[in-house]
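Subject: Structure handover

Hello,

Here is the structure I promised to pass on. Please open it alongside this note; my findings follow below.

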Amino acid sequence: MSSLSKSDKKKVLDFAAWSFNISTSVGIIMVNKALMATYGFSFATTLTGLHFVTTTMMTIVFRWLGLSQPSHLPLHDLIKFVIFSNLSIVGMNVSLMWNSVGFYQIAKLCMIPASCLLEVVFDHVHYSRDTKLSITVVLIGVAVCTVTDVSVNAKGLAAAVIAVWSTALQQYYVHFLQRKYSLNSFNLLGHTAPAQAGSLLLVGPFVDFLLTGKRVDHFGFTSLATIFLTLSCFIAIGVNLSQFICIGRFSAVSFQVLGHMKTVLVLSLGFLFFGKEGLNFQVVLGMILAVVGMIWYGNASAKPGGKERRSVLPVRSEKLALDEKDDGEK
């Protein structure tokens, strides 16, 4: 890699980051599908808390090995981040329970416009016409292949609104905190993972009981269920780390737009491994539109003027600010 130019190295690292995120995200979805559908472990919020326990263990090991340096994150910023993150997790689970699958998918798609609005308002980001159109194509494509029945009720709408905005704020805050305090992904996870693990393990069993009517402490663990649970927790380390790496390298909007590649892959793998029921022309058309939109977005946002930040966020490190000015917005 030493013979590559600076821009070529960045492209290689960008591709590696996306590949890491997509592979771990698709992997954990398939493992969790087996864990919940086949072995009956339906305690999603508690499971997420366990995911952050293993992630916390990873950050401790990395610090012990000297791969992660000491850093500082003010308590008030940590509390805000944990609130946004936990509301996102609980909100998505409640939204899925109270809404039809179609409306749940529409709510997930609304995260992209919400993230765009946050970047426009707080970072004064400007999007070109092609960038906006490419995002629209992605949204239409994913909607075509995932949205079926759509029914709305008041409490389901409220849960969806909370889920959308808390997720958008959490992902925006990942990028914000890394830039403001010069934190890398390992540092930020070292601050946030223990707080999320503790808080989710406290509230998770109660939320899961509300959603399922079952108690996690009454679950009958089998050897296979334990293996899948352990596998899910270890893959989650990669999911959490790769999310912070990708958002730190790009932005919350890019993470959302290109992240829908995971939706396409999950649908494709589902048809491959779990049967072709539901596979039709509409689904295939939606997948193609989504992929075309993602490729278009990647090209449009990378062009000069495609996506520009017109103000520089104050950062602690003067060198980091200079580097950002040189590299520009992806």
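**An aromatic pair at Tyr39**

Tyr39 has a relative accessibility of 26%, so Tyr39 counts as partly exposed. Keep in mind that this is a predicted model. The partner of Tyr39 is Phe228, and the two rings form a tilted aromatic pair. Their centres are 5.2 Å apart, with 35° between the planes. Phe228 is partly exposed because its relative accessibility is 22%. Where do the two residues sit? Tyr39 is in the loop between α1 and α2, while Phe228 is in helix α9 (residues 223-249). The pair links distant parts of the chain, 189 residues apart.

**The chain as a whole**

Now a step back. The protein chain has twelve helices and two strands. From the N terminus, the elements run α-α-α-α-α-β-α-α-α-α-α-α-β-α. The chain has 330 residues, and 47% of them count as buried.

**Helices α1 and α2**

Helix α1 covers residues 6-38 and helix α2 covers residues 44-64. They pack at an angle of about 130°, and their axes are 13 Å apart. The crossing of α1 past α2 is right-handed.

Which residues make the contact? From α1 come Ile28, Asn32, Leu35 and Met36. From α2 come Ala44, Leu47 and His51. Sorted by type, the residues of this contact are five nonpolar, two polar and no charged.

The whole structure holds 14 aromatic pairs. One of them is Trp18 with Phe255. The ring centres are 6.1 Å apart and the planes are at 20°, so this pair is stacked. A stacked pair needs planes under 30 degrees apart.

Trp18 lies in helix α1, and Phe255 lies in helix α10 (residues 252-274). The pair therefore ties together parts that are 237 residues apart in sequence. Are these two residues buried or exposed? Both Trp18 and Phe255 are buried.

There is also an aromatic cluster. Phe84, Phe122, Tyr172, Tyr173 and Phe176 form it together.

**Ile247 in helix α9**

Phe255 comes up again here. Ile247 lies in helix α9. Its relative accessibility is 0%, so Ile247 counts as buried. Which residues does Ile247 touch, not counting those up to four places away in sequence? They are Gln171, Val174, His175, Ala252 and Phe255. Another residue to check is Ser185, 62 residues from Ile247 along the chain. The C-alpha atoms of Ile247 and Ser185 are separated by 9.3 Å.

**Gly305 and its contacts**

Next, a glycine. Gly305 is in the loop between α11 (281-302) and β2 (307-309). With a relative accessible area of 22%, Gly305 is partly exposed. Leaving aside neighbours within four places in sequence, Gly305 is in contact with His126 and Ser128. How many residues separate Gly305 and Thr131 in sequence? The count is 174, yet their C-alpha atoms are 9.6 Å apart in space.

**Two residues with positive phi**

Last, two backbone points to look at. Most residues other than glycine have a negative phi. His124 has a positive one, near 55°. His124 is in the loop between α5 (111-123) and β1 (125-127). Its relative accessibility is 45%, so His124 counts as partly exposed.

Ser182 also has a positive phi, near 55°. Its place is the loop between α7 (154-180) and α8 (185-212). Ser182 is partly exposed, at a relative accessible area of 32%.

**Where to begin**

I would open the view on the Tyr39 and Phe228 pair. Then turn to the stacked rings of Trp18 and Phe255. From Phe255, go on to Ile247, which touches Phe255. Finish with the positive phi of His124 and of Ser182.

Best wishes

Methods
Residues are numbered from 1 along each chain as its sequence is written. This is a predicted model: local features need pLDDT of at least 70, side-chain atom pairs count only at pLDDT 80 or more; totals for chains, interfaces and linings use all residues. Side-chain values use heavy atoms; hydrogens and water are left out. Helices (H or I, at least four residues) and strands (E, at least two) are DSSP runs, numbered from the N terminus. Buried means under 20% relative accessible area, exposed over 50%, partly exposed in between (1.4 Å probe, protein chains only). Axes are lines fitted to C-alpha atoms, for helices over the stretch in contact, and angles run from 0 to 180 degrees between N-to-C directions. A crossing is left-handed if the near helix is turned anticlockwise from the far one by less than a right angle, and right-handed if clockwise. Contact means heavy atoms within 4.5 Å. Ala, Val, Leu, Ile, Met, Phe, Trp, Tyr, Cys and Pro count as nonpolar, Asp, Glu, Lys and Arg as charged, and the others, Gly among them, as polar. Rings of Phe, Tyr and Trp (its six-membered ring) pair if their centres lie within 6.5 Å; planes under 30 degrees apart count as stacked, over 60 as edge-to-face and the rest as tilted.
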